[in-house]
Amino acid sequence: MPLPFVPRFVVSALAAAGLVVLAACGQTSSSTSASSSASASASASASTTASTSASASPSASVKVSDNLDAIKVTGKYGDKPTVTIKAPYAVDKTRVTVLHEGTGTKIPAGGYVDVLYSGSNGRTGKVFQETYSQKKSVAFPLDQVVPGFAKGLEGQRIGSRVLVAMPGVDGYDAMGGQADIGVLVGDTLVFVIDIQGGSVAGPTGKQITPRSGLPKVTDTNGKPSIAIPASDPPKDMVAQPLTEGTGAKVAKDDTIVVHYLGVSWKTGKVLEDKYATADSGKLSSTIPGWQKGLVGKRIGQRVLLVLPPADGYPQGSNNPPVDAGDTVVYVVDILFTTSQG
């Protein structure tokens, strides 16, 4: 298939870098060993059955707050923030405030983000991890971070600085805390997050009228269909943008997240359909026409690719089922791209 299915593509790389915000998702990844999965399951179960008492300790003597007034943040978006907490501090539920409103697209539920962040422990007031000093943002999917982190970012705009405080139940309680960074069960976590980039749910930007003679693409509720014209396929590959997009450009070594539909020129039949679930992988691992046609395209662009055999499957393929000599046609929606992974 043109795009290897590599789920959770950034988690392993970022976990290796010691980014503890991903610890919850690493425990539940399908690629985790059986022993790790069993341990995570037992820990999550124990936390669930004892969530009330666990979350009350070690902050049982701390008055639980229903606001963020005890937290002060100074500094500009993109710069390392100074976070001052009137410790010990505990919050009743995950609470969010936007410190600087961006103008980019909104982060969809379960989407991907590219962020800088600083995390502090509400009980001690001390920073336990931050990524600003490395001067490099990190990217990951929101369905694989601690729940409070995802709650704080979904629906926020790219370019925003967001303050998120979460109780232990939305932090590291399910993993028994994080002793190596001094986070105990029940500790409130405080994050300042600068959203540098993020994924989109589908095509964005103005529509682009394709040149004549190409397959016709129609859209029904966000899902395309492809009609092959009654003519011979072009001899040269075509990479025709159908929308302008609004995000970062794809680089040749990037990992991309996409929806796509593939059709045979010869039969008009669907070869591949990845619109129910997004697919992800290294662009450099895809067929030649994808590598040539998607570099330089933007997040949010819908791209029509018409690939002669040399740019698709010169010898044919069993998966997808392509006959030797057939031209393949793809519609690709670029949802996210990152140099990480």
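1. Lys135 counts as exposed, at 76% relative accessibility. This value, like the others in this note, comes from a predicted model. The assignment follows because the cut-off for an exposed residue is a relative accessible area over 50%.

2. The backbone of Lys135 also deserves attention. Its phi is near 55°, a positive value in a residue other than glycine. Lys135 is located in the loop that runs between β7 (127-130) and β8 (138-141).

3. Asn221 is a further residue with positive phi: the angle is about 55°, although Asn221 is not a glycine. The loop between β11 (216-220) and β12 (223-227) holds Asn221. Is this residue buried or exposed? Asn221 has a relative accessible area of 81% and is therefore exposed.

4. The bond from Ala87 to Pro88 is cis, and its omega is near 0°. Pro88 is placed in the loop between β3 (82-85) and β4 (90-91).

5. Which residues does the cis peptide bond with omega of about 5° join? The partners are Asn319 and Pro320. Pro320 belongs to the loop between β17 (302-307) and β18 (328-338).

Notes: Residues are numbered from 1 along each chain as its sequence is written. This is a predicted model: local features need pLDDT of at least 70, side-chain atom pairs count only at pLDDT 80 or more; totals for chains, interfaces and linings use all residues. Side-chain values use heavy atoms; hydrogens and water are left out. Helices (H or I, at least four residues) and strands (E, at least two) are DSSP runs, numbered from the N terminus. Buried means under 20% relative accessible area, exposed over 50%, partly exposed in between (1.4 Å probe, protein chains only).
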